[in-house]
Amino acid sequence: MRLFDFLRSRPKNTASVAKERLRIIVAQERAQTGRPDYLPLLRREILEVIRKYVNVDPDAIDIHVEREGDSEVLELSVALPERNAPGGSVAAAAGEA
Amino acid sequence: MTEIIVVTSGKGGVGKTTTAASLAVGLARRGKKVAVIDFDVGLRNLDLIMGCERRVVYDFVNVIHEECTLKQALIKDKRFDSLYVLAASQTRDKDALNKEGVERVLKELTDEGFDYVVCDSPAGIEKGASLAMYFADRAVVVVNPEVSSVRDSDRILGLLSSKTRRAELGNGPVEQHLLLTRYNPERVAGGDMMGIDDVKEILGIEVLGVIPESQGVLSASNAGVPVILDDQSDAGKAYEDAVARLAGETRPMRFIDAQKKGLFARIFGS
């Protein structure tokens, strides 16, 4: 009998909760899995090349990919070691659309 | 030209095998030469859904390991002359499949003039599932309007655009379709189930069909008759529409609106 169903309060709209949760988790997971898997190798090889010329710290290279609309930007920054003269570190950045 | 269609989902129990069987039967009923292959090695079920479980002598793994010919292993459907089933092995594990073997079988089916090869993927994202999708031209991603199924489908869509032969060779993307199953229009209307547009918006691909939740699906699997052949059931008719769309026809979605209940049913109905 559903005679008294009218008297009960309507349950919360769970479908919209599901949709919102999914929207967030799917976007987050796409950002993670969309990341190219060659980055660690790229980082190591670049480090090896640089070390032929300059003795940099293994942690001195920072690589990441950012998505801006339809284009992806590969950002690479290398902190060169301080010279004798106090001038701070020199950072080089390369970008690619 | 042979088209390879993978039926996949990530999550188990959403209706992959039911869908693979019905799509294969629907395409064969349109006069196409179709083979449907069960990639779920160790847990075969396509033979039961197709109703040919007592006629399995050789299976997919036997063909891959060259223990029999492909012709010996293909089971001809009793209802449609142009439909063949290739069962999975029940005794081996999933490592019995390998890429070269699968490629050879698909090549042989192409040479035999098959129009379609439907690959019924196992659940998960391991070897069987990845091999089922690897050679695909098209993918039908089966999804229930429910959080875990939608999330897993998104993962599968990511794999389809990176871990397939088409993606690796740069031969254009695998054409992706969503098939919503176990859809309950009443619950969608009541706000308890995500609707077609919600799922489409989250996953961002087109919907090939919507199969309503139906008693017909269980009855069909009980009998070993793919549900598309039950023209009394809404699910059967919805699968027929999906096959028509797969073949390029335009058909409106049916069975997606809640039934209006009369006053009597609203008060006394179940």
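Rings of Phe, Tyr and Trp (its six-membered ring) pair if their centres lie within 6.5 Å; planes under 30 degrees apart count as stacked, over 60 as edge-to-face and the rest as tilted. By that rule, the structure holds 3 aromatic pairs over all chains.

This is a predicted model, in which local features need pLDDT of at least 70, side-chain atom pairs count only at pLDDT 80 or more, and totals for chains, interfaces and linings use all residues. Residues are numbered from 1 along each chain as its sequence is written, chains are lettered from A and ligands numbered from 1 in the order in which they are written, and side-chain values use heavy atoms, with hydrogens and water left out.

**Stop 1: the rings**

Select Y84(B) and F114(B). Their centres are 5.6 Å apart and their planes stand at 75 degrees, an edge-to-face pair. Y84(B) is in strand β4 (residues 83-86) of chain B, while F114(B) is in the loop between α5 (99-111) and β5 (116-120) of chain B, so the pair ties together parts that are 30 residues apart in sequence. Helices (H or I, at least four residues) and strands (E, at least two) are DSSP runs, numbered from the N terminus. Both Y84(B) and F114(B) are buried. Buried means under 20% relative accessible area, exposed over 50%, and partly exposed in between (1.4 Å probe, protein chains only).

The test is NZ of Lys or CZ of Arg within 6 Å of the ring centre and within 35 degrees of the ring normal.

Go on to Y134(B) and F135(B). Their ring centres are 4.9 Å apart with planes at 85 degrees, so this pair is edge-to-face. Y134(B) and F135(B) are both buried. Now show K99(B): it lies over the face of Y134(B), 3.9 Å from the ring centre.

**Stop 2: the sheet**

Switch to cartoon for chain B. An open sheet of 8 strands runs in the order β3-β4-β2-β5-β1-β6-β7-β8, with mixed pairing. Its edge strands are β3 (75-76) and β8 (207-212) of chain B, each pairing on one side only. Two strands pair if DSSP finds at least two bridges between them.

Start at β3(B). It pairs with β4(B) in the antiparallel sense over 2 bridges, and a hairpin joins the two through 6 residues. K76(B) stands opposite Y84(B) in β4(B). Which residues of β4(B) point one way, and which the other? L83(B) and V85(B) point one way, Y84(B) and L86(B) the other, and all are buried.

Next, select β2 (residues 34-38) of chain B. It runs parallel to β4(B), joined by 4 bridges. I37(B) has L86(B) as its bridge partner in β4(B).

Move to β1 (residues 3-8) of chain B. It is parallel to β5(B), with 5 bridges; I4(B) is partnered by V117(B) in β5(B).

Then take β6(B) and β7(B), which run parallel over 6 bridges. A139(B) stands opposite Q176(B) in β7(B). Finish at β8(B), parallel to β7(B) over 4 bridges. There, Y183(B) stands opposite P212(B).

**Stop 3: the helices**

Select α7 (residues 147-160) of chain B. This helix lies across β1, β6 (138-143) and β7 (175-183) of chain B, at about 165 degrees to β6(B). Helix α12 (residues 234-246) of chain B packs on the sheet too: it touches β1, β6, β7 and β8 of chain B, with its direction at about 170 degrees to that of β8(B). Axes are lines fitted to C-alpha atoms, for helices over the stretch in contact, and angles run from 0 to 180 degrees between N-to-C directions.

Contact means heavy atoms within 4.5 Å.

**Stop 4: two loop residues**

Select R44(B), in the loop between β2 and α2 (46-50) of chain B. R44(B) is buried, at 18% relative accessible area. Beyond four places in sequence, its contacts include D38(B), D59(B) and S89(B).

Last, find A123(B), in the loop between β5 and α6 (127-134) of chain B. Its relative accessibility is 40%, so A123(B) counts as partly exposed. Not counting residues up to four places away, it touches G10(B), K11(B), G12(B), K16(B) and A129(B). From A123(B) to S89(B) is 16 Å, C-alpha to C-alpha, across 34 residues of sequence.
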